[in-house]
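Biologist: I am new to this entry and would like to learn how to read its features one at a time. Could we go through it together?

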Amino acid sequence: MAQDVLCEVKNCKYWAEGNKCSADAIYVVSHHGKKASNQEETDCQTFEPQH
């Protein structure tokens, strides 16, 4: 598993200094079922806005 996950979405509650992701797990999905052709066809479902 990846040791460092980087994220630039500063309004996510899991964003940490240095563009690190502090979530325990990361969940990424494809827009088109189980396969994606490029990064634009995926989304991070782990995102939660800061309150």
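Biologist: Which residues make the nonpolar surface patch of about 210 Å²?

Modeller: Before the answer, note that this is a predicted model, in which local features need pLDDT of at least 70 and side-chain atom pairs count only at pLDDT 80 or more, while totals for chains, interfaces and linings use all residues. Residues are numbered from 1 along each chain as its sequence is written, and side-chain values use heavy atoms, with hydrogens and water left out. The patch is made by Val 5, Ile 26 and Val 28.

Biologist: Where does Ile 26 lie, and is Ile 26 buried, partly exposed or exposed?

Modeller: Strands are DSSP runs of E with at least two residues, numbered from the N terminus, and Ile 26 sits in the loop between β2 (20-21) and β3 (28-30). Buried means under 20% relative accessible area, exposed over 50%, and partly exposed in between, with a 1.4 Å probe and protein chains only; Ile 26, at 37%, is therefore partly exposed.

Biologist: What does the secondary structure of the protein chain come to?

Modeller: The protein chain has 0 helices and 4 strands, where a helix would be a DSSP run of H or I with at least four residues. Along the sequence the pattern reads β-β-β-β.

Biologist: How much of the protein chain is buried, and what box do its C-alpha atoms fill?

Modeller: Of the 51 residues in the protein chain, 12% are buried, and the C-alpha atoms fill a box of roughly 30 × 25 × 15 Å, taken along the principal axes.

Technical notes. Patch = residues over 30% accessible without salt bridge, like charges linked within 9 Å, V, L, I, M, F, W, Y side chains within 5 Å. Areas by Shrake-Rupley, 256 points an atom, 1.4 Å probe, with all protein chains shown as cover. Salt bridge = Lys/Arg side-chain N within 4 Å of Asp/Glu carboxyl O.
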